[in-house]
Amino acid sequence: MRSKLPQVGTTIFTIMTRMAQAHNAINLSQGFPDFDCPEALRERVAFYLNDRRNQYAPMTGVAELREQIAAKVGSLYGCQVDADQEITVTSGATEALFDAIQATVGAGDQVIMFDPAYDSYDPAVRLAGGEPVHIPMLQPDTERGWAIDWERVAGQINARTRLIIINSPHNPSGSVLARQDLDTLAELIRDRDILVLSDEVYEHMVFAGGRHESVLCHAELKEKSFAVFSFGKTYHATGWKAAYCVAPPALSTEFRKVHQFVTFTSTSFIQYAIADFLRDCPDHHLQLPDFYQQKRDTFCRLIADSRFTFTPSAGTYFQCVDYSAISDMPDMEFVSWLCRDKGVAAIPLSPFYEQAPDTRIIRFCFCKDDSTLEAAAHILRSL
């Protein structure tokens, strides 16, 4: 059989979680909390599950939910979006990313992405017949961490460039884009037939009083962008696979042409429940920056006297660390040893690169109970 993705294997997240389970290791690899979603939200899910809301939801998403999303976007980002024409509910952010790429990228089109890049971008581009163009981010040497080399981007843009994928707050590095980054991006694609796919699933996890700079806040980029968000990340419910995409009407129309033949719609009773929770508990997402900064600070404090070196992440619920003082093993070999022999699972950064640099950096996930972080840190300090 001829494979359409011959270079693609099993995702690193699946590999490391399986390894963690096999060795009974503390799983700080795959990005899911080990605490539950809000009780009030679970109560609304149970209510609608038992209120006969178990049939197909509208293809674009439950109207009540799209209206609440529009209100949230307006409140957070100061822009008005049309709930009917510009918001589409999807079965997870990965589906939304896939739909946007399939809707816009054709044979021979080039798509710029920044390494280390989330691992679903490249395969989706290849399945659309496009050509991924990987541009390495500048290595962290400032408080912002990894940064985009905009001069190199300018040199890569050509007549075949169709889409640029940005991700902020950034997985796996934990860095965030500044307003200046969006201004530069807008300038580079001005008067060009180039679109933007903005992966913003960690929008509520920006620390130290920072602000998430959404493309929806940028009047010029908003008209050329798909912005993707995740309820699973926001509500500690990654298993629900609930997300949404905001895009101008013309882009949403093309997005929905793909969406309707990928999942068609998403779980109905969960959508009704989230709509209620957004209406009744608007403070939840506003409290997340402090909530996760406390998690970050706890984890960083616990490993401060270890032999890992790091700069606290600016966003997401991930912390990258350098293990050069501990071992010279390549990162995949190191995380395998760490999981198998020491009992802590992490994620190597090399799978996020087309051509991985010779560094010794891995990623830990700190969206865990403090007791989990303490147990893992006890092991990490002993290395």
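Strand S9 (residues 318-322) and strand S12 (residues 361-365) run antiparallel to each other and are joined over 5 bridges, in a predicted model in which local features need pLDDT of at least 70 and side-chain atom pairs count only at pLDDT 80 or more, while totals for chains, interfaces and linings use all residues. Residues are numbered from 1 along each chain as its sequence is written, and side-chain values use heavy atoms, with hydrogens and water left out. Two strands are taken to pair if DSSP finds at least two bridges between them; strands (E, at least two residues) and helices (H or I, at least four) are DSSP runs, numbered from the N terminus.

S12 is largely enclosed by the rest of the structure, because 5 of its 5 residues are buried, that is, under 20% relative accessible area with a 1.4 Å probe and protein chains only, where exposed means over 50% and partly exposed lies in between. Ile 361, Arg 363 and Cys 365 are buried on one side of the strand, and Ile 362 and Phe 364 on the other.

Helix H14 (residues 370-380) packs against S12 through its buried residues, which also meet strand S1 (26-27), helix H12 (283-302), helix H13 (331-342) and strand S10 (344-345); contact here means heavy atoms within 4.5 Å. The buried residues of H14 are Thr 372, Leu 373, Ala 376, Ala 377, Ile 379 and Leu 380. They lie on the same side of H14, because they cover an arc of only 155° around the axis, the arc being that of the directions from the helix axis to the C-beta atoms. The face turned away from this buried side carries the exposed residues Ser 371 and His 378.

Another part of the model is an open sheet. Its 7 strands follow the order S2-S8-S7-S6-S5-S3-S4, with mixed pairing. Strand S2 (87-90) and strand S4 (131-136) stand at the edges with a single partner strand each, so one side of each is left without a neighbour in the sheet. On average, neighbouring strands of this sheet are turned by 20° against each other, direction ignored; axes are lines fitted to C-alpha atoms, for helices over the stretch in contact, and angles run from 0 to 180 degrees between N-to-C directions. Strands S3 (residues 110-115) and S5 (residues 161-167) are parallel and share 3 bridges. Helix H3 (residues 63-77) lies across S2, strand S7 (225-230) and strand S8 (243-246), at about 115° to S2.
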